[in-house]
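Student: Could we go through this model together, starting with the sheet and then moving on to the charged residues?

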Amino acid sequence: MSEINEASVKRMEKSISALKDEFNAIRTGRASASLFDKVRVEYYGEKTPLSQVANIAIPEARMFVITPWDKNLIGEIEKAIQRSELGLNPSNDGKVIRISIPPLTAERRKELVKQAKTIAENSRVAIRNIRRDGNDELKKQQKDNSITEDELKTAEDTLQKTTDKFIAEINKILEDKEKEIMEG
């Protein structure tokens, strides 16, 4: 495999990873600690990931219990969750924060599926842009006589197959997320 294809594969893998991270932030009807991956808490003047200042437990399918390691942070954690776009309502008893996840309405589920489809389409576009960049670089190499026309064709075919594989992976991830949202 050429250097260009290897670089393209690495960039495509990063796009898939970013897609999974974005999908983790989409709330479904079930409790999942990854929901809080993007929540940042003000801690000694720094925006710190929630997972680095508290333990997140899921005692029931629709319940979170967040236990801060420093009890003085309880108010900051509560504020950070309220500021996030998760639409959750935390309550604390001075020691822990409890969050129950309300069931999603059918309308909200449809909105979340639509949001997931948009995110997936953006990932597909990113993959296609990586393919385009790779093809441009291959054509440049062929023009500079670094590779032959046959090598160009082979490399382009390989890049297209790689692109198709990653697009199929995005479609599968989207399909799984849609099921997760709709069954809640």
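Tutor: Two strands count as paired if DSSP finds at least two bridges between them, and helices (H or I, at least four residues) and strands (E, at least two) are DSSP runs numbered from the N terminus. This is a predicted model, in which local features need pLDDT of at least 70 and side-chain atom pairs count only at pLDDT 80 or more, while totals for chains, interfaces and linings use all residues. Residues are numbered from 1 along each chain as its sequence is written, and side-chain values use heavy atoms, with hydrogens and water left out.

Student: OK, how many bridges join β4 to β6?

Tutor: Strand β4 (residues 63-68) and strand β6 (residues 97-100) run antiparallel and are joined by four bridges; V65 stands opposite R98 in β6.

Student: And what is the strand order of the open sheet?

Tutor: The four strands are ordered β3-β4-β6-β5, with antiparallel pairing. Because β3 (54-60) and β5 (91-92) stand at the edges with a single partner strand each, one side of each is left without a neighbour in the sheet.

Student: Switching to charges, how many salt bridges are there?

Tutor: The count comes to eleven, where a salt bridge is a side-chain nitrogen of Lys or Arg within 4 Å of a carboxyl oxygen of Asp or Glu. One of them joins the side chains of R11 and D133 at 3.2 Å, N to O, and this pair links distant parts of the chain, since R11 lies in helix α1 (residues 3-24) and D133 in helix α3 (residues 106-143), 122 residues apart. R11, R132 and D133 are linked in a network of salt bridges.

Student: Is K177 buried or exposed, and what does its side chain meet?

Tutor: K177 is buried, with a relative accessible area of 6%, buried meaning under 20%, exposed over 50% and partly exposed in between (1.4 Å probe, protein chains only). Its side chain meets that of E180 in a salt bridge (3.6 Å, N to O), and E180 is partly exposed at 25%. Both residues lie in helix α4 (residues 149-183), three residues apart, about one turn of the helix.

Student: Then what about E78, where does it sit and what does it touch?

Tutor: E78 is in helix α2 (residues 74-83), and, not counting residues up to four places away in sequence, E78 touches P90, S91, N92 and I97, contact meaning heavy atoms within 4.5 Å.

Student: How far away is the nearest side chain of opposite charge?

Tutor: That side chain is K79, 8.9 Å away, and E78 is buried yet has no salt bridge; Lys and Arg count as positive and Asp and Glu as negative, with His and the chain ends not counted.
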